[in-house]
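Work through the following exercises with the sequence and the model side by side, and try each task before reading its solution.

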Amino acid sequence: MLVRYLLPVALFLSCVAHADPVQTAAQVNQWRQSHEQQIVDDFAELLSIPNVASDTVNIRRNAGHISTMLQKAGMNVELLELEDSNPVIFAQRQAPAATRTLMIYIHYDGQPVNPENWASDPWVPVMRTDMVENGGKAVAMKAPFDPNWRIFGRSAGDDKAPIVALQSALLALAETGIEPTVNLKVFMEAEEEAGSPNLRRMLETHKDKLDADLWLFCDGPAHQSRRWQLVYGVRGSYGFDLTVYGPNRPLHSGHYGNWAPNPIMLLTDLIGSMRGTNGHVYVDGFYEQVRPLSDHEQAAIAAAPPMDKLLATDMGIGLPETTDRIELAITRPAMNLRGISSGDVGGQARNAIQPSASASIGLRLVPDQTPEFLRAAIEKHITAQGYHITDNEPTREQRQNYPRLARINWSKSGGYPAYRADFDNPLAVKISAMLDDLSDRTLIQTPTMGGSLPLYIVEDVLSTPILILPVANHDNNQHGANENLRLQNLWDAIEIYAAVLTGL
Ligand SMILES: [Zn+2]
C-alpha cells in the first residue's frame, strides 16, 4: 500500500499532463474536499427526479438532466433510442494520447417505491447522521459533512451515486489540469430494474458505437467490511412455479384423511427430494456443467476478510446452511424456495385436504451452466419421482390417467446464464493492481457476486470483457425503504473513477 496523500507531490504534479493514479487520487481528494457542498447539491438535485422505469415522463427528465451533467463535465452526449424503450444515455470523451477505450455502465432507473414504508419522501433527499434503523437524525445538507453521514432517497445507492461520482471525477481532473489517459464511453440504461428487456436489442442496434476494451459495471454494493472490491462476475437466474394436486375439491380430513392424497405432503416431499436444508441440490446433473474455481479465484476468496459471524449476528441467523464461508457458498449454483402456498394457518385453518399446493422456486446459475440444461435435469428428476408434467391446470382425463401430476411453469423470460471474467485478463490485472495501490487497505477480489445481472448479453453481443466495480455501501438498503448512500463511499468513488481514467 502506498501512502495516499502526498500533498507537495500532488501540487507539483498539477502542471504535468499525465499523473500516476495514486497522485491523481491525492489531487482529486484535495479538489473534493473543497467542493463537497457542490457535489452534495448536484447529487440531491439528481435524486429529486423520480426514476421508476415505467414513469417514462420522469425518465426523460432524468435523461435530460444527466445529459447536461455529463456535458458540463466535458462529454459528448446522445440518447440511444429504440421504439418502446427508455433512452440509453450514451456519452464519450476522447483522450489525445489514449490507446484504450473504457466503457462505464450505470443505470439511472430505480426500483418502485412504497412511500408509506419510508421515514421521509423517497424523492425529497434528506441527510441523516446514520441509518434510520440506527436512529440517524436528519441534519441540514450543509458542509462541513461527516463522512459517515448518509443521503437518503430512491437510487442514492442503486444506481445514481456513480453518476454524480463520475461527473465529479471528470470535473476534478479538468480543474486540476490532469488529462485522462483512456478514451471514455458511458452507457446509462433506464430499464435495469425492470429486467433490461431491451438491452440486447439496444446493444445490437448501436453496436458500432459501443466497442471498448473493457466494460466496467458500476452497480451493486461494496464489500461488507467497507474495503474496496473488484468483482469479476455475477450469477445467472432462472425459476419456476410448481403445483402438485390432490382431490379435485377440498375434502373433510376426518372422512378422507389417510386415503385421499394430501398435496401439501406431496409438495414438501418432492421439494425435499430436490434440495436439502444444507443447500445441496440432489437433482442429477445439477452441478454437472459447473466451471471449477481457478487457484487464483480460490486464493482471492481465502484472502477476503471473513464476514460470516458478523453477518449471522446482524441477520439473526443461529446456524447458516453451510460451514463454508459466504463468498464460497455463492460461487455454487443454488435452488431457493421463494414461496409456498396451500390452505391456511392460524384462525383460518380448516380440517380439510386441499386440492393443490404450489411453490415458487428460484435458481442461481454459475458459469458454465445453461438454463435449458437445468430445466431438463429438474423435469427429469420430477418425472423420476412418479409425476406426469403439464404446464396447465390438469384436465379430468389427466387426473384419471396419471397417478401424480405436477404443473410446472418456467419463467417466461427463459432465464439467463452467469458471467465470470478471467482473473488473468490483462486489464483486470491492471485495474486490480491500481486499486490495490490506491486504497489504504488491500483490495478484495471477488470471483462473483451472489446476485444476478444479464452481463452475458454484453459478452454475447460485443465480446468485450466485463468487470464490476461497486461503490455503494453494503447497507444502502437498495430496493427497500430508506435507501441511502454513505458520503465516504461517494468520496471514494470520485477518487476511484479519477484514478481509473488516468491509469488504464
Ligand atoms: Zn442496480
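**Exercise 1. State what percentage of the 504 residues in the protein is buried.**

Solution. A residue is called buried if 20 or more other C-beta atoms, placed from the backbone, lie within 10 Å of its own, exposed if 12 or fewer do, and partly exposed in between. By that count, buried residues make up 42% of the 504 residues. The model is a predicted one, in which local features need pLDDT of at least 70 and side-chain atom pairs count only at pLDDT 80 or more, while totals for chains, interfaces and linings use all residues. Residues are numbered from 1 along each chain as its sequence is written.

**Exercise 2. Find how many helices and strands the protein has, and judge its radius of gyration against the globule rule.**

Solution. Begin with the DSSP runs, numbered from the N terminus, where helices are H or I runs of at least four residues and strands are E runs of at least two; the protein has 16 helices and 21 strands. Next, take the radius of gyration over C-alpha atoms and compare it with the globule rule, 2.2 Å times the number of residues to the power 0.38. The protein gives 25 Å, close to the 23 Å of the rule for 504 residues, so it is as compact as a globular protein of that length. Finally, the C-alpha trace spans about 90 × 50 × 45 Å along its principal axes.

**Exercise 3. Describe how helix H5 (residues 161-175) and helix H16 (residues 487-503) cross, and which residues meet.**

Solution. With axes fitted as lines to C-alpha atoms over the stretch in contact, and angles running from 0 to 180 degrees between N-to-C directions, the axes of H5 and H16 come within 8 Å and cross at roughly 55°. Angles under 35 degrees count as roughly parallel, over 145 as roughly antiparallel, 65 to 115 as roughly perpendicular and the rest as oblique, and H5 is therefore oblique to H16. For contacts, C-beta atoms placed from the backbone must lie within 7 Å; among the residues that meet are Ala165, Ala169 and Ala172 in H5, and Leu490, Ile494 and Tyr497 in H16.

**Exercise 4. Work out which residues of helix H2 (residues 21-33) and H5 make the contact between them, and how the axes cross.**

Solution. The axes of H2 and H5 come within 9 Å and cross at roughly 105°, and the two helices are therefore roughly perpendicular to each other. The contact is made by Val28, Trp31 and Arg32 of H2 with Ser168, Ala169, Ala172 and Glu175 of H5.

Note on methods
Contact = placed C-beta atoms within 7 Å.
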